[in-house]
Amino acid sequence: KRPDKIAEFFKLYGPQILSNSSSSSSSSRSGPEGCTDWREWFLLPYLQHPEREQRFQVYFSTEWSALLEISFRNFLSGVMRCLPLPAVLRFNTDRRLRLALQQQVRPEGTAAAVSVAACAESQPCPLGWATSSTWHTSV
């Protein structure tokens, strides 16, 4: 978008970048001022046979690609484990939970209704809320 800024950048830092690439040693390769590790990767699309190049051979081996796939799967598995389940996928889980709770409440509600009715028939409730004429069981 701004070719003048790009030209200005290379005027200022171009000589420094070139001098770092020509005098880079293995110790300066890891530093931010060297940055020659990335420069090799920009060369990759222009190589005829990158799998034959010494510096890229390891990345074209089957062991490395298998290790990359396993690492990526483990990464995605860890990420997905931390994310909540989307609402679209949760509907079946919620339905199962609701049905299980209904099944759990039905027997308990029936047992409670029977015991309250038996209690009301044997003796009147002191509060007067559970008499046989007012208690309705709908199960």
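Which residues form a nonpolar patch on the surface? I found Trp38, Trp41, Phe42, Val58, Tyr59, Phe60, Trp64 and Leu68 there, with about 870 Å² of accessible area together. The elements giving two or more residues to this patch are α2 (36-43) and α3 (62-82). I noted that α2 supplies the largest share, three residues.

I wrote down how a patch is drawn: its residues have over 30% relative accessible area and no salt bridge, with like charges joined within 9 Å and nonpolar side chains (Val, Leu, Ile, Met, Phe, Trp, Tyr) within 5 Å. Accessible areas come from the Shrake-Rupley method with a 1.4 Å probe, and for residues only the protein chains shown count as cover.

**What I am looking at**

This is a predicted model, in which local features need pLDDT of at least 70 and side-chain atom pairs count only at pLDDT 80 or more, while totals for chains, interfaces and linings use all residues. Residues are numbered from 1 along each chain as its sequence is written, and side-chain values use heavy atoms, with hydrogens and water left out.

**Whole chain**

I looked up the elements and found four helices and zero strands in the protein chain. Helices (H or I, at least four residues) and strands (E, at least two) are DSSP runs, numbered from the N terminus. Of the 139 residues, 9% count as buried. Buried means under 20% relative accessible area, exposed over 50%, and partly exposed in between (1.4 Å probe, protein chains only). The chain exposes about 12,100 Å², and carbon and sulfur atoms supply 63% of that area. Among contacts (heavy atoms within 4.5 Å) between residues at least 6 apart in sequence, 6% join residues at least 24 apart.

**Salt bridges**

How many salt bridges does the structure hold? I found three. The rule is a side-chain nitrogen of Lys or Arg within 4 Å of a carboxyl oxygen of Asp or Glu. Side chains of opposite charge can pair when their charged atoms come close.

I started with Glu8 and Lys5, whose closest N and O atoms are 3.8 Å apart. Both lie in helix α1 (residues 3-22), three residues apart, about one turn of the helix. Glu8 is partly exposed at 40% relative accessibility, and Lys5 is partly exposed at 43%.

Next I checked Glu53 and Arg55, with 3.7 Å between the closest N and O atoms. Glu53 is partly exposed at 28%, as is Arg55 at 38%.

Then I turned to Arg73 and Glu69, where the closest N and O atoms are 3.1 Å apart. Both sit in helix α3, four residues apart, about one turn of the helix. Is Arg73 buried or exposed? Arg73 is exposed, with a relative accessible area of 57%, whereas Glu69 is partly exposed at 43%.

**Aromatic pairs**

My search of the whole structure gave five aromatic pairs. One of them is Phe9 with Tyr13, a tilted pair at 5.1 Å centre to centre and 45 degrees between the planes. Rings of Phe, Tyr and Trp (its six-membered ring) pair if their centres lie within 6.5 Å; planes under 30 degrees apart count as stacked, over 60 as edge-to-face and the rest as tilted. Phe9 and Tyr13 both lie in helix α1, four residues apart.

I also recorded Trp41 with Tyr59, tilted, at 4.9 Å centre to centre and 55 degrees between the planes. Trp41 lies in helix α2 and Tyr59 in the loop between α2 and α3, so the pair ties together parts that are 18 residues apart in sequence. Last, I noted that ring pairs link Trp41, Phe56, Tyr59 and Trp64 into a cluster.
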